[in-house]
Amino acid sequence: MPFIPHTNEDTQAMLATIGIQKIDDLFNEIPNTLLTADLTSIPSGLSEMELSRLMHARAKQDGGKLCFIGAGAYEHHIPAAVWEIASRGEFLTAYTPYQAEASQGTLQLLYEYQTMMASLMGMELSNASLYDGASALAEAVLMAARLSNKKEKPAILVPRNLHPHYRQVLQSIVGQQDIDLLELDYDSKTGKISVESLTAFADRKLTALIIPQPNFFGGIEEVDALSNWAHEHAVLCIAVVNPIAMALLKPPGQWGKQGADIACGEGQPLGIPLASGGPYYGFLCSRKSFARQMPGRIVGRTVDSEGKTGFVLTLQAREQHIRRAKATSNICTNQGLMVTASTIHMSLLGPAGLRQVALACHHNATLLAKKLQDIVGIKPVFPAPFFHELVIRLPKPSSEVLQKLAKLDIQGGYALNTHYPELGETLLICATETKSAVEIEFLATSLRETLS
Amino acid sequence: MSNVPKKLRYTASHEWVRQDEDLFTVGITDHAQCMLGDLVYAELPELETSFDNGQECAVLESVKAAADVYSPISGEIVEINEAVIENPQLINEDPYGKGWLFRIRPFDPAGAQLLSADQYSKQLASEAH
């Protein structure tokens, strides 16, 4: 059933009233040079039954397997209570809470989320979420560009050991906005950013340095030295971090002498199932003094006319419904449901629980690394320390190895040769707290058999 | 009826201008502050930056809106009012005095195309209808 209730007669009557011939005429205002393609390549819709059949078939492809893939999305235990509570009608159907008097529950939850996220990141301010980790980084870069000296074209240093998808999304979103994205290579021996490599950019006026923690290879960056270098050269420091790792490692707000200026990343590890890639959510934190350049919803706590505590959307003059074309935020719907689940997840675990999860992840990944090193032909590519994933070199083509493991219902890792051809036949392999010693042993045994 | 001092000159976009020798002091009019309501934030231009006549050079934010302030003449910013950054309410309380925003050194002081108080008052009267 179509969701558009107008009949052809209705449409014709409306077009006639405003004096145009066809619906396409409404879009004449768009310059022809901006029209890139028609929509004929988009297939026509599927029936509900066809769609259901397709999705069930796809779900079978990645469900129920033993997963050692990380690479930006991580399998963690989610307490049953999280989605039981998040699925309550009051949360499940809540939309952008413009009407504070009717949305106190949702607003309070978002306020609690912001408080938890700011605390986890060691930052002063958090917004109420963005779409995902990659778009949160793009927003962080746009924010840095707004904060920079407007006389010069902004230049952002983007390390190659940042998630390749994040780099692609960054290119898509900010690549056309008169911002230079400069590639910073990683040290081929350590997989990390070396502070020495930054000196090549010392003469160039930079806007921001992006620092991943851990980096895409799972390695731990020297965040203090890197952020200090940034601040000594009047460059903003943008942290892209795994939120679980921040329960164990130094949070961005404490990096170096001044702390990172903006911290962002993917919220999925905090209570969101892998679910074939989404929906996830992005988080974004910053210094309080940057509040007016921050995108997304921000919830504040206040008092009503009777002095009672209440929660409201605040700093809305940044947003598109007030500031129109000059808004610093063009995102009005945050990932409310995902954030609801994350907030419940974080409150059930607490800071100590999150730290335990992080420690268990690191413990399992260390055990995994040890078991893999005992296999003839497998070598770690970069030295420790790592958080919960690492890169290993295989004596055989990675695609062949992964296919054999898949037959044993094991998702054995993420092949790096597409995005990092220089690394050759390597796998990025991850173990979170969900992997038992028996399962890690099973992977090691299966790999040994596959390679023999 | 809002206050439109006779000794000042005005723009159609609700800035006032006071000429002191070769410097122009700029703020927003009583009418503008009244329309915006309680101001909570002022973003003023950086010193030594140049603006064209009519170019956006500052942003004011109230509890209900954000508004751009336009340069009334081409020139270079030589001074900004730090006090309104600290306390934007000064613009509401004293728009023609303590609530001034910035001083600009015009490239061509004689080239200013500004409204007299009478002309600006007439504009306000016509906008009211």
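Reader: How many residues of domain 1 of chain A are in contact with domain 2 of chain A, and what makes two residues count as in contact?

Author: In this predicted model, 25 residues of domain 1 of chain A are in contact with 20 residues of domain 2 of chain A. Each counts because the C-beta atoms of the two residues, placed from the backbone, lie within 7 Å. Helix H11 (336–373) and strand S12 (389–393) of chain A each supply at least two residues of the side of domain 1 that touches domain 2. H11(A) gives the largest share, eight residues. By class, that side of domain 1 has 17 nonpolar, five polar and three charged residues.

Reader: Where do the bounds of domain 1 and domain 2 of chain A fall?

Author: Domain 1 of chain A is made of 66–77 and 350–451, while domain 2 of chain A is 80–344. Their C-alpha centres lie 28 Å apart.

Reader: What is the class of the residues on the side of chain A that touches chain B?

Author: Four residues of chain A are in contact with four residues of chain B. On the side of chain A, two of them are nonpolar, none is polar and two are charged.

Reader: What makes strand S2 and strand S4 of chain A the edge strands?

Author: The open sheet in question has seven strands in the order S2-S8-S7-S6-S5-S3-S4 (chain A), with mixed pairing. Strand S2 (125–126) and strand S4 (180–184) of chain A each pair on one side only, and they are the edge strands. Helix H6 (residues 133–147) of chain A packs on this sheet, where it touches strand S3 (155–159), strand S5 (208–213), strand S6 (236–241), strand S7 (262–266) and S8 of chain A. The direction of H6(A) makes about 160° with that of S7(A).

Reader: How do you know that S2(A) and strand S8 of chain A pair?

Author: Two strands pair if at least two bridges are found between them. S2(A) and strand S8 (residues 282–286) of chain A have two bridges, in the antiparallel sense, so the pair meets the cut-off. In this pair, A:Leu125 stands opposite A:Ser286 of S8(A).

Reader: Which strands of chain B form an open sheet, and in what order?

Author: The order is S4-S6-S7 (chain B), and the pairing of these three strands is antiparallel. Strand S4 (39–43) and strand S7 (66–70) of chain B are its edge strands, each pairing on one side only. From one strand to the next, the twist averages 25°. Strand S6 (residues 56–62) of chain B and S7(B) pair over five bridges, with B:Ala58 opposite B:Val69.

Reader: Which residues of helix H12 of chain A are buried, and what puts them on the same side?

Author: In helix H12 (residues 398–407) of chain A, the residues A:Ser398, A:Val401 and A:Leu405 are buried. They cover an arc of only 65° around the axis, and therefore lie on the same side of H12(A). An α-helix has 3.6 residues a turn, so residues three or four places apart point the same way. On the other side of H12(A), A:Ser399, A:Gln403 and A:Lys407 are exposed. Among the elements that cover the buried residues are strand S15 (426–430) and helix H13 (437–451) of chain A.

Reader: Which residues does a cis peptide bond join in chain A?

Author: One such bond joins A:Gln213 and A:Pro214, with omega about -15°. A:Pro214 is in the loop between S5 and helix H9 (223–232) of chain A. Another joins A:Ala384 and A:Pro385, with omega about 5°. A:Pro385 has its place in the loop between strand S11 (379–380) and S12 of chain A. Most residues other than glycine have a negative phi, and most peptide bonds are trans.

Conventions
Residues numbered from 1 in each chain as written. Chains lettered and ligands numbered in written order. Predicted model: local features only at pLDDT ≥ 70, side-chain atom pairs only at ≥ 80, totals over all residues. Helix = DSSP H or I, 4+ residues; strand = E, 2+ residues; numbered from the N terminus. Axes fitted to C-alpha atoms, helices over the stretch in contact; angles between N-to-C directions. Nonpolar A, V, L, I, M, F, W, Y, C, P; charged D, E, K, R; others polar. Domains from an automatic or database assignment. Buried ≥ 20, exposed ≤ 12 C-beta atoms within 10 Å, placed from the backbone. Arc of directions from axis to C-beta.
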